[in-house]
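Me: Please take a close look at one helix residue of this model and its surroundings, and then at the strand hairpin. Kindly state the cut-offs behind each term.

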Amino acid sequence: MSRLSELYQETILAHNKQPRNFVKLDDYTHFARGKNPLCGDDYVVYLRVVENVIEQAAFLGDGCAISKSSGSVNIVCE
């Protein structure tokens with residue numbers, strides 16, 4: 001396995017094991033649910049938007065390691 005493939009696999013496993021922003025926001029202003037009946041992935045994305053600016057984003061749900069990792073990597077709030 002190439003080093004790039006190993007890094008990709010390590011990243012997926014790390015984000016699956018300890019996903020970032022994997023929580024329901026209590027004070028969300030927007031949300032969307034995505035469910036894939038073919039594979040069983042089921043996630044909700046929560047946003048807190050103030051004056052057209054996303055202040056915080058988070059997600060919750062169940063699915064495979066790749067889908068959970070994708071949400072974790074893509075929702076970065078600082």
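Reply: Helices here are DSSP runs of H or I with at least four residues, strands are DSSP runs of E with at least two, and both are numbered from the N terminus. The model is predicted: local features require pLDDT of at least 70 and side-chain atom pairs pLDDT 80 or more, while totals for chains, interfaces and linings use all residues. Residues are numbered from 1 along each chain as its sequence is written, and side-chain values use heavy atoms, leaving out hydrogens and water.

Ser69 belongs to helix 2, residues 65-74. Ser69 counts as buried because its relative accessibility is 4% (buried is under 20% relative accessible area, exposed over 50%, partly exposed in between, with a 1.4 Å probe and protein chains only). Beyond residues up to four places away in sequence, Ser69 touches Ile12, His15 and Asn16, contact meaning heavy atoms within 4.5 Å. Its side chain reaches the backbone nitrogen of Asn16 at 3.4 Å. Between Ser69 and Gln18, 51 residues apart in sequence, the C-alpha to C-alpha distance is 9.0 Å.

Turning to the hairpin, strand 2 and strand 3 have two residues between them, and Glu51 in the turn shows a positive phi of about 50 degrees. The two strands run antiparallel and are joined by nine bridges (pairing requires at least two DSSP bridges). Tyr43, for example, has Gly61 in strand 3 as its bridge partner. Arg48 is located in strand 2, residues 42-50, and counts as buried because its relative accessibility is 18%. Among the residues that Arg48 touches are Leu25, Tyr28 and Ile54.

How values were computed: A polar contact is a pair of N or O atoms within 3.5 Å; within protein, one must be able to donate a hydrogen and the other to accept it, and residues adjacent in sequence count only if both atoms are side-chain atoms.
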